[in-house]
Amino acid sequence: MREYIRHPSSIPLEVKVADVPDAQSEYLNNVSLGGLSFHSTNRLEAGVRISIRIPLLRETVQVSGQVVWCMKQGEAYEVGVVFRDKEEAFRTRMVEQICHIEEYKNEVFEQEHRQLTSEEAAIEWIKKYAGSFPELMTEE
């Protein structure tokens with residue numbers, strides 16, 4: 001069973017289907033150790049290989065995966081992607097941390113009325129929570 005972390009759908013993704021020249025702008029829905037899901041305006045077939053760019057803070061994370069499911073939700077779709085290897089999963093753990101930091105930034109604003117930059121939120125989040133963030137488990 002995958003353990004997905006829910007995130008606000010405000011985190012942008014650039015999704016490029018293999019062998020298709022144009023990329024689509026989409027939004028992250030969930031991320032886990034083995035994959036992620038995102039909201040899409042387009043239906044994607046299971047088995048399709050995709051490349052995902054996630055522009056966050058000062059760097060862009062790029063991962064590759066394969067569509068494993070696509071479900072219609074209203075006028076759009078939710079697409080599930082599995083990562084191709086452990087390195088992809090590790091890079092996505094960075095994204096997961098950044099998502100937690102962005103959630104923290106939003107919570108601080110809602111609860112304390114402090115508006116933090118992403119960098120300020122990262123510094124505070126790391127001090128408070130990085131020690132309890134689950135380690136990436138790999139099988140050798």
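Biologist: pLDDT is the predictor's confidence in each residue, from 0 to 100. What does the protein chain average?
Modeller: The average is 79, and 82% of the residues score at least 70. This is a predicted model, where local features need pLDDT of at least 70, side-chain atom pairs count only at 80 or more, and totals for chains, interfaces and linings use all residues. Numbering starts from 1 along each chain as its sequence is written, and side-chain values use heavy atoms, without hydrogens or water.

Biologist: Where is confidence lowest, and where highest?
Modeller: Strand 1 (residues 5-6) is lowest, with a mean of 50. Strand 7 (residues 76-83) is highest, at 91. Strands (E, at least two residues) and helices (H or I, at least four) are DSSP runs, numbered from the N terminus.

Biologist: Over which residues does pLDDT stay under 50?
Modeller: Residues 1-5 and residues 136-140. Beyond four places in sequence, the model has 15 contacts (heavy atoms within 4.5 Å) for residues 1-5. For residues 136-140 there are 7.

Biologist: New topic. How far does helix 1 reach?
Modeller: Its 27 residues span 38 Å from first C-alpha to last. That's close to the 39 Å expected at 1.5 Å a residue, counting one less than the number of residues.

Biologist: What follows helix 1?
Modeller: H113, with a positive phi near 60°.

Biologist: At what angle do helix 1 and helix 2 pack?
Modeller: Helix 1 (residues 86-112) and helix 2 (residues 118-129) pack at about 105°, axes 9 Å apart. So helix 1 is roughly perpendicular to helix 2 (65 to 115 degrees). Axes are lines fitted to C-alpha atoms over the stretch in contact, and angles run from 0 to 180 degrees between N-to-C directions.

Biologist: Which residues make the contact?
Modeller: Helix 1 gives Q97, H100, I101, E102, Y104 and K105. Helix 2 gives S118, A121, A122, E124, W125, K128 and Y129.

Note on methods. Parallel < 35°, antiparallel > 145°, perpendicular 65-115°, else oblique.
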